Amino acid sequence: MNFTEASLFWGFLVVYGVVMYVLSPKSKSADSFYKGADDQGNPVSQWSLTASIFISWIFAKSVTNAANLGAAYGVTGGLAYASYWLSIPVAGYIIYLIRTQTGARSLQEFLTSRFGRLASLAFAAAILIRLYNEVWSNTAVVGGYFGLPGEWPYYTAAMLFTMFTLAYSLKGGLRSSIFTDVIQTFVFVFFVGAVLFLIIPVNDTSALLTNGEFKLNAGFDLLLVALLQMFSYPFHDPVLTDRGFVNKEKTMLKSFIVAGLLGFVAVFIFSLVGVHARLNGIEAMGNAPAAVGQSLGLAALFFMSVIMMTSAGSTLDSTFSSLAKSLAVDLPRLAKRAQDRLPSVRVGALIMIIFAFLGNIPMFAGTDILLATTISGTMVMGLAPVFLFYGFTRWSPWSFHLSFWTGLGLGVLLAAGLIPASWAIGDGAYALLLGTNAYGFIICTVGFFLPLAWRLLVGRSLAAGEV
């Protein structure tokens with residue numbers, strides 16, 4: 001990186017951090033810090049919530065993965081990854097039902113009321129692992145635009161980005177996160193448009209939009225995986241689900257639907273960056289946006305870095321606020337059963353600081369950012385029956401545990417390479433992942449209904465005996 005490039009990239013990073021800190025509002029109460037309300041206690045507006053959901057789920061690793069899949073499989077790969085955003089309306093509708101039918105104020109409260117405290121603890125552990133992964137997987141993407149893993153610019157940029165995001169997160173918590181999400185949404189959309197302006201003229205538009213095949217061995221298997229995981233994947237991400245409880249039910253539902261559809265379109269559009277690389281013989285090397293940016297010149301590479309910083313920042317500040325709420329509010333309430341009073345802002349701030357450092361440890365160790373989506377999505381497949389079929393039971397802890405732990409076990413076996421090859425569906429790169437999710441969904445559903453069926457059979461037997 002020469003002096004001009006260094007001045008442009010490092011200069012924007014510093015300006016971005018300073019501007020976000022100056023503009024972000026300061027929370028003056030715990031209600032504002034943990035729930036996103038303003039100083040008068042008013043909830044987030046519908047369009048602010050929509051923008052926040054939209055951009056906080058446009059992770060830096062997500063748009064990178066979308067472009068990489070576009071480079072590998074054409075539009076089929078882009079559609080496969082974009083389909084994960086259709087899970088946002090699914091989550092919004094189920095949270096709407098939970099709130100209107102049970103009156104629960106959080107997913108932990110809902111799970112405790114239906115499946116017991118151990119179920120909530122297991123769920124809390126799953127979401128904490130998810131949040132932990134969100135820290136390093138986003139800062140690592142930003143660092144990749146300043147240097148290669150192992151080089152000091154890579155780690156310096158990632159940690160400086162972390163510190164800037166932490167600074168304004170400490171200032172306002174969830175309120176600050178949602179406020180800056182609106183700014184980051186506009187910046188993201190503008191620069192994605194700028195990138196498309198550079199890409200579309202050098203390609204045949206029809207080729208750009210039709211390249212790829214809908215075959216199991218050409219990315220379609222991953223599309224089916226995404227459609228299966230949409231019923232479980234969003235529920236282990238409090239960055240998303242926390243926003244399902246900060247406004248009125250109908251307002252929340254509208255925001256989730258609009259944000260999900262916009263997210264699907266935005267991610268698919270960005271995957272065309274990878275399709276451009278595929279059509280023009282550009283080697284993606286695990287980072288299609290950076291490769292395409294380098295091939296198009298300094299301006300394009302700078303645009304890509306801005307997109308990554310804004311998307312990573314929106315996710316990282318949301319991660320910090322969700323970690324603070326999970327560890328300072330939700331877990332203590334679960335342990336003490338009932339305590340409506342919110343903890344001090346200092347407690348949440350301390351949690352943010354700790355995870356800003358601990359969460360970057362895997363980045364220094366080096367790991368694959370795609371695993372944060374596909375493997376974690378498989379491990380929580382057991383949540384799908386829990387949230388889809390909760391209406392069939394009033395109280396059944398065993399239903400949760402047989403479904404959740406079965407899914408977790410299958411996910412671990414897949415990660416360890418112990419799922420038999422006979423489970424594969426098709427012969428593509430994601431054949432075994434598809435098979436594990438398809439068969440796993442059936443097995444977890446059987447596990448969920450097994451205690452209910454047993455209770456029904458025992459009840460009938462007792463009734464027959466009395467007769």
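**Close-up views of a predicted model**

**View 1. The largest cavity holds about 80 Å³ of space.** This is a predicted model, where local features need pLDDT of at least 70 and side-chain atom pairs count only at pLDDT 80 or more, while totals for chains, interfaces and linings use all residues. Residues are numbered from 1 along each chain as its sequence is written, and side-chain values use heavy atoms, with hydrogens and water left out. On a 1 Å grid over the protein atoms alone, a cavity is a set of points where a 1.4 Å probe fits but cannot get out. Grid points are joined across faces, edges and corners, and the volume is the space filled by probe spheres set on the points. By this rule there are five cavities of 30 Å³ or more.

**View 2. Look at the lining of the largest cavity, made by 13 residues.** Lining residues have an atom within 4 Å of a point. L107, Q108, P238, T241 and D242 lie nearest the centre. Helix 15 (298-336) is among the elements that give two or more residues, and its three residues are the largest share. Helices here are DSSP runs (H or I, at least four residues), numbered from the N terminus.

**View 3. Here helix 4 (residues 60-73) crosses helix 8 (residues 117-143) at roughly 60°.** Their axes come within 8 Å. Axes are lines fitted to C-alpha atoms over the stretch in contact, and angles run from 0 to 180 degrees between N-to-C directions. In the contact (heavy atoms within 4.5 Å), A60, K61 and T64 of helix 4 meet E134, S137, N138 and V141 of helix 8.

Definitions and conventions:
On a 1 Å grid over the protein atoms alone, a cavity is a set of points where a 1.4 Å probe fits but cannot get out, and a pocket is an open set with protein on both sides within 12 Å along at least five of seven lines; lining residues have an atom within 4 Å of a point.
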